[in-house]
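Let's take a walk through a protein chain together. Keep the sequence and the 3D view side by side while you read.

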Amino acid sequence: MSSDTLAKVPTAPEIPEPADAPRIVPQRHYGQWAAAVAVLVLLGFAVNSVLRNEAFQWDVVAEYFTSDSVLRGLWLTLWLTAVVMVLGFALGTLIAAFRLSANPVLRAVGWGYVWLFRSIPILVQLLLWFNIGALYPQVLGVRTVDLLSPVAVAVVGLTLHEAAFAAEVVRGGILSVDRGQIEAAQALGLSRSRRWWRIVLPQAMRSIVPPAANMLIGTLKGTSIVSVIAVNDLLFSTQLIYHRTYQVIPLLMVATVWYAVVTSLLGVGQYYVEKRYARGTEHAR
């Protein structure tokens, strides 16, 4: 096409903007900025108060933060958390299977277990197990006080307590799977075990992982309650020190900082585990 032909092609006339056309102005959020500034100021005052308050005795915190007794207590806390979570979810999965069973007796047993152990406060449960010798002085010819040490009492009490909540978490995750997919797997002739391992559990884990991770963090902090039965966990280790030195606040800060460090690491792990099981969903994209 020649340049003369191009010159003859009509072009759309430019429409001039009216002189009084409104100008779009972004909305200004003065209230949000004022609130943010106020929060930062208050946060600065709080941090400054904590760092400059001599009552915290940060030099004492640094002295005992990595002491042998504190690290031994930390190790027992981590060990107790891991054991309770593994045993609690193993028992909780069994209880969840009872609650989902077609057998009315198993359903009743599962419901009763969850009702009982969710109704009794964990401190009361631990004290009952710690004093079980008053009810059963001997078991199979062995004195109960010799059979159940304080650590064993802590494991039993915390496990039975956590299993009741784990059962509901597992049951809720299984019920979140679309029933149609299970029926489709049945139509394809998949065995019951393959249906559970290949169809149900991978999808249920998306609903199980977030509350399970929260339970893990809650169990870590909840282990501090075993100090009432003289289990030498992180909190009890710091209590033994400040009962000797009378430096209550700095030793409590030692325990507080350690709990904060470990829960932060668990929170990071929770993020990546949730991200893994959320692959393929719209939220993950």
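Predicted model: local features only at pLDDT ≥ 70, side-chain atom pairs only at ≥ 80, totals over all residues.

Residues are numbered from 1 along each chain as its sequence is written, and side-chain values use heavy atoms, with hydrogens and water left out.

Start with the big picture. The chain has 12 helices and two strands. Here helices (H or I, at least four residues) and strands (E, at least two) are DSSP runs, numbered from the N terminus. If you trace the sequence, the order reads α-α-α-α-α-α-β-β-α-α-α-α-α-α. There are 285 residues in the chain, and 31% of them count as buried. Buried means under 20% relative accessible area, exposed means over 50%, and partly exposed is in between (1.4 Å probe, protein chains only). Next, think about contacts, meaning heavy atoms within 4.5 Å. Among contacts in the chain with a separation of 6 or more, 74% are between residues 24 or more positions apart.

Now for how helices pack. Two packed helices are described by the angle between their axes and the distance between the axes. The axes are lines fitted to C-alpha atoms, for helices over the stretch in contact, and the angles run from 0 to 180 degrees between N-to-C directions.

Find helix H3 (residues 58-65) and helix H12 (residues 248-277): their axes come within 9 Å and cross at roughly 60 degrees. That makes H3 oblique to H12. The naming works like this: angles under 35 degrees count as roughly parallel, over 145 as roughly antiparallel, 65 to 115 as roughly perpendicular, and the rest as oblique. H3 passes H12 in a right-handed crossing. A crossing is left-handed if the near helix is turned anticlockwise from the far one by less than a right angle, and right-handed if clockwise. Which residues of H3 and H12 meet? From H3 come Trp58, Val60, Val61, Tyr64 and Phe65, and from H12 come Pro250, Leu251, Met253, Val254, Val257 and Trp258. Sorted by class, this contact of H3 with H12 has 11 nonpolar residues, no polar and no charged ones. For the classes, Ala, Val, Leu, Ile, Met, Phe, Trp, Tyr, Cys and Pro count as nonpolar, Asp, Glu, Lys and Arg as charged, and the others, Gly among them, as polar.

Helix H8 (residues 150-175) packs against H5 at an angle of about 125 degrees, with the axes 9 Å apart. The two are therefore oblique to each other, and H5 passes H8 in a left-handed crossing. On the H5 side you'll find Tyr113, Val114, Phe117 and Arg118, and they meet H8 residues including Leu160, His161 and Glu168. This contact of H5 with H8 splits into eight nonpolar, one polar and two charged residues.

H8 also packs with helix H6 (residues 122-130), at about 140 degrees and with the axes 9 Å apart. H6 passes H8 in a right-handed crossing. Among the residues in this contact are Trp129 and Phe130 of H6 and Val153 and Gly157 of H8. The contact of H6 with H8 has 10 nonpolar, three polar and no charged residues.

Let's go inside. A nonpolar core is a set of buried Ala, Val, Leu, Ile, Met, Phe, Trp, Tyr and Cys residues joined through side-chain atoms within 4.5 Å. The largest one has 19 residues, and Tyr64, Val70, Leu234, Leu251, Val254 and Trp258 touch the most other members. H3, helix H4 (68-99), helix H11 (234-245) and H12 each give two or more residues to this core, and H12 gives the most, with seven. Zoom in on valine 70: leaving out residues up to four places away in sequence, valine 70 touches Tyr64, Phe65, Leu234, Ser237, Thr238, Ile241, Val254 and Trp258.

Finally, visit two loops. Glutamine 57 sits in the loop between helix H2 (30-52) and H3, and its phi is near 50 degrees, a positive value in a residue other than glycine. Alanine 230, in the loop between helix H10 (192-222) and H11, also isn't a glycine but has a positive phi of about 65 degrees.
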